[in-house]
Amino acid sequence: MTHYIQLIFECVLTLFAIDFVSGFVHWAEDTFGTEKTPLYGKWIVVPNTIHHEQPAAFTQKNWWQSSWDLALCSALIALAAWWGSWLSWHVWVFCVMGANTNQLHKYTHVSRAKIPLPVRWLQDLRVVQSAKDH
């Protein structure tokens with residue numbers, strides 16, 4: 001039983017970590033980035049600005065259009081963890097959830113009927129953000 005409690009605790013901490021990191025990165029983009037910021041202004045700051053002005057606009061994009069940058073960062077994190085010999089299930093959960101934070105955010109801007117049932121359950125359990133909490 002103790003092993004399961006530890007596993008749940010580690011999973012929750014991993015989810016808190018990705019929530020903190022994604023929030024911090026979003027804050028940093030909004031605070032320090034501009035449309036003219038080299039490397040990421042055009043691809044990251046501009047879509048964020050559009051989202052703040054038209055919150056539902058990004059719901060029209062497919063997963064790749066709205067998550068390529070997160071998928072790339074997640075792949076680099078997993079690669080670095082593998083190379084450094086510290087790749088674990090925690091890193092995998094962090095990377096998979098991290099690569100999908102924009103998709104999960106999209107679900108806060110669509111009707112509940114359009115949200116897949118497993119995501120609605122996670123929203124109801126408050127594991128991922130719901131429209132009400134957004």
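With Lys and Arg counted as positive and Asp and Glu as negative, the chain of this predicted model carries 9 positive and 9 negative side chains, and the centres of the two sets are separated by 9 Å. The accessible surface amounts to about 9500 Å², and carbon and sulfur atoms contribute 69% of that area.

The secondary structure comprises six helices and zero strands, so that, read from the N terminus, the order of elements is α-α-α-α-α-α. Along the principal axes, the C-alpha atoms occupy a box of roughly 50 × 40 × 25 Å.

The largest nonpolar core consists of five residues, namely L104, Y107, I115, V119 and V128. When neighbours within four places in sequence are set aside, V128 makes contact with M97, L104, V119, L122 and Q123; L104 and V119 are also members of that core.

A search of the whole structure returned zero disulfides. C73 takes part in none, the nearest cysteine sulfur being that of C95 at 9.8 Å. Because a disulfide requires two cysteine sulfur atoms within 2.5 Å, the 9.8 Å between the sulfur of C95 and its closest counterpart, in C73, is too far for a bond.

Key
Residues are numbered from 1 along each chain as its sequence is written. This is a predicted model: local features need pLDDT of at least 70, side-chain atom pairs count only at pLDDT 80 or more; totals for chains, interfaces and linings use all residues. Side-chain values use heavy atoms; hydrogens and water are left out. A nonpolar core is a set of buried Ala, Val, Leu, Ile, Met, Phe, Trp, Tyr and Cys residues joined through side-chain atoms within 4.5 Å. Buried means under 20% relative accessible area, exposed over 50%, partly exposed in between (1.4 Å probe, protein chains only). Contact means heavy atoms within 4.5 Å. Helices (H or I, at least four residues) and strands (E, at least two) are DSSP runs, numbered from the N terminus. Accessible areas come from the Shrake-Rupley method with a 1.4 Å probe; for residues, only the protein chains shown count as cover. The place of a charge is taken as NZ of Lys, CZ of Arg, CG of Asp or CD of Glu.
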